[in-house]
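Let's take a friendly walk through this model, from its confidence to its charged contacts. Please have the viewer open.

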Amino acid sequence: MKKSISIILSVALVLSLCTVCVSAAKENTSDLSYAVASDLHYTQPEETLTWYSEDPIFGYANRRAAMENESQFIIDEFLNQCADDDNIEFILVPGDLTNDGKMFLEDHKFVAEKFRKFEKKTGKQIYVINGNHDVGILGEYCTTGMTEFIDTYYEFGYKEALVRTDYDCSYTADLSEKYRLIALDSCDHDKSTEDGMTEEKVQWVIDQAEQAEADGKHPILMMHHNLLDHMPMQRILSHNFIIRNHTLTAERWANAGIKLVFSGHEHCSDATTFTSALGNKISDFATTSLSMYPLQYRYVEMREDTISYEAKTIEKIDTAALSRTVDGYSNAQLSEMNKGLNDFAKQFLKNGVEWRLERGFQDEQLGIKEGDFYYDLVRDVVDGLNDILNMPLYGEGSAQELGRTHGIEIPDSDYKDGWDVATELVAAHYAGSENYPLSGRDVQILLKTVSIVLHTELDMISEREFTQATASLLSVMGMGSAIDLAAKIYGDASGISAGEYFLVALLSPLLQSFANDDGVDDNNGTIEGYGSNDAMANIGDNLGNFFSKFFDNVVRMFKIFLKMFGYNLPL
């Protein structure tokens with residue numbers, strides 16, 4: 001009997017071990033799995049907090065809205081998470097490892113030492129490329145040139161390089177038997193934020209992608225600047241964050257076999273896919289700044305037919321070490337961080353964004369210049385925004401009360417003022433996977449609050465002037481975009497005044513970034529892998545979308561033209 005029981009237990013044990021092995025195999029079936037963290041922006045912490053406002057918790061929020069004093073501790077927690085995650089095989093960092101690295105080479109050495117300790121502890125490789133904050137032209141205010149950057153981060157990609165350029169920091173390296181990294185220096189070392197792309201660099205990427213394919217490897221591209229738009233009309237509103245000739249370049253790189261691009265710079269979590277005329281898809285994954293809300297990085301799993309990804313969040317840091325490093329943190333601040341670092345970072349971001357924007361929008365930020373037909377109108381609207389956005393939304397002397405005198409009803413909410421709403425939407429853009437329908441309460445509050453400016457500041461503007469300005473804006477923003485938005489926001493677009501159309505046209509890039517997407521989830525999802533490509537179906541989709549948009553835009557522009565001369569047709 002005992003022998004029988006022993007046999008049964010032995011069989012059960014063997015079966016359970018087999019089950020565990022099978023389960024483990026199922027959990028780890030990817031060809032490649034890794035983390036992507038961009039824009040670490042390590043900054044030497046202050047000795048004592050600098051305060052910018054009277055807010056007792058978030059008054060030290062800087063205009064960049066980045067948690068600079070906390071940056072080194074956020075990096076530490078990120079590396080700890082990667083060390084503890086057995087699925088993460090290596091880390092990609094698409095630039096801006098430091099905030100002031102151009103001026104202070106010591107900042108780069110500080111980050112490199114953290115990376116060195118991580119690799120020694122885990123055996124996991126880190127691959128870096130420079131961002132616009134990392135490398136400059138050596139001189140009085142710059143101690144980090146191309147050579148200094150490569151020497152400092154030699155162990156983090158350059159040591160493994162198969163090919164290196166002699167004119168910038170670009171290189172290639174094999175990630176596995178199936179995948180090769182193309183690390184592209186997209187920066188102009190002599191400029192602040194704009195890209196440094198040239199035909200030579202574009203062609204170099206194509207050559208390396210084709211060589212990877214010839215060697216039996218799939219090419220993955222990493223660079224700092226964005227390849228694709230991550231908000232409507234990014235080329236106009238944030239033209240220094242996306243490479244020049246981006247659509248043409250995306251076309252060429254997609255046809256060279258590149259499906260996956262990792263970028264940073266815009267500090268948002270956003271995924272965008274482009275399909276070339278030949279039916280080849282390329283996806284650009286912009287990854288948010290690690291030291292800025294939402295304190296996220298990406299986890300990616302590669303399979304032959306699918307690429308899956310998810311956002312992972314930094315939820316805590318060593319606040320005891322932070323308070324020992326920087327003087328001035330109160331117990332209340334540290335308690336709020338410990339309660340939920342991501343929630344803390346969100347309010348920090350909102351305070352920083354408000355601090356910056358309420359000091360006035362610059363023409364470059366707005367995408368306008370003197371001489372534009374609509375310049376004076378845009379400036380009048382923007383100059384009147386601060387007073388309206390700073391008013392309490394509800395109660396005596398509120399925006400809601402003022403709006404009612406003009407027949408504008410602002411929906412009830414928990415927001416305290418217009419800035420609270422606006423910065424909430426900005427935070428949503430940074431976090432990605434926005435879910436703010438144009439007809440929803442939050443967008444309606446912002447739109448109607450801003451529309452009060454039309455009635456308090458611009459009562460003397462004629463309908464015709466508004467209509468002409470709208471048409472002029474549309475030629476820049478994209479034909480028909482304001483018409484689409486107006487119909488979604490107001491329902492029956494035919495009853496909208498010319499001033500309201502102008503307002504929608506002015507805000508259309510912002511509003512579309514919360515409401516529209518290309519079907520690719522920003523934070524968690526799956527796209528086609530390198531072994532999957534239905535080119536003919538993709539070409540058909542391209543043609544269908546082109547002719548549909550072309551026809552709609554022709555009709556809409558014709559109706560706008562007629563409206564300028566008094567024929568008010570439904571739009």
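## Ground rules

Contact here means heavy atoms within 4.5 Å. Helices (H or I, at least four residues) and strands (E, at least two) are DSSP runs numbered from the N terminus. This is a predicted model, in which local features need pLDDT of at least 70 and side-chain atom pairs count only at pLDDT 80 or more, while totals for chains, interfaces and linings use all residues. Residues are numbered from 1 along each chain as its sequence is written, and side-chain values use heavy atoms, with hydrogens and water left out.

## Confidence

The protein chain averages a pLDDT (the predictor's confidence in each residue, from 0 to 100) of 82, and 72% of the residues score at least 70. Across residues 1-28 pLDDT stays under 50, and the model has one contact beyond four places in sequence for them. Residues 232-237 are also below 50, yet this stretch has 26 contacts beyond near neighbours in sequence. Where pLDDT is low, the predicted coordinates should not be read in detail.

## Helix α6

Helix α6 (residues 199-214) has 16 residues. Its buried residues (under 20% relative accessible area; exposed is over 50%, partly exposed in between, with a 1.4 Å probe and protein chains only) include Trp-204, Val-205 and Ile-206. Among the elements covering the buried residues of α6 are β5 (171-174), β7 (218-223) and α8 (246-255). Just after α6, Gly-216 adopts a positive phi of about 80°.

Two strands pair if DSSP finds at least two bridges between them. Six strands make an open sheet with mixed pairing, ordered β3-β2-β1-β11-β12-β13. At its edges are β3 (125-129) and β13 (525-528), each pairing on one side only. Strands β1 (residues 32-36) and β11 (residues 296-302) run antiparallel and are joined by five bridges; Ala-35 stands opposite Tyr-299 in β11.

## Salt bridges

A salt bridge is a side-chain nitrogen of Lys or Arg within 4 Å of a carboxyl oxygen of Asp or Glu, and the count comes to 25. Lys-259 forms one with Glu-528, with the closest N and O atoms 3.7 Å apart. This pair links distant parts of the chain: Lys-259 is in the loop between α8 and β8 (260-263), and Glu-528 is in strand β13, 269 residues apart. Lys-259 is buried at 10% relative accessible area, whereas Glu-528 is partly exposed at 24%.

Lys-346 and Glu-424 also meet in a salt bridge, at 2.7 Å from N to O. Lys-346 lies in helix α11 (residues 341-357) and Glu-424 in helix α16 (residues 418-431), so this pair ties together parts 78 residues apart in sequence.

Key
Expected span 1.5 Å × (residues − 1).
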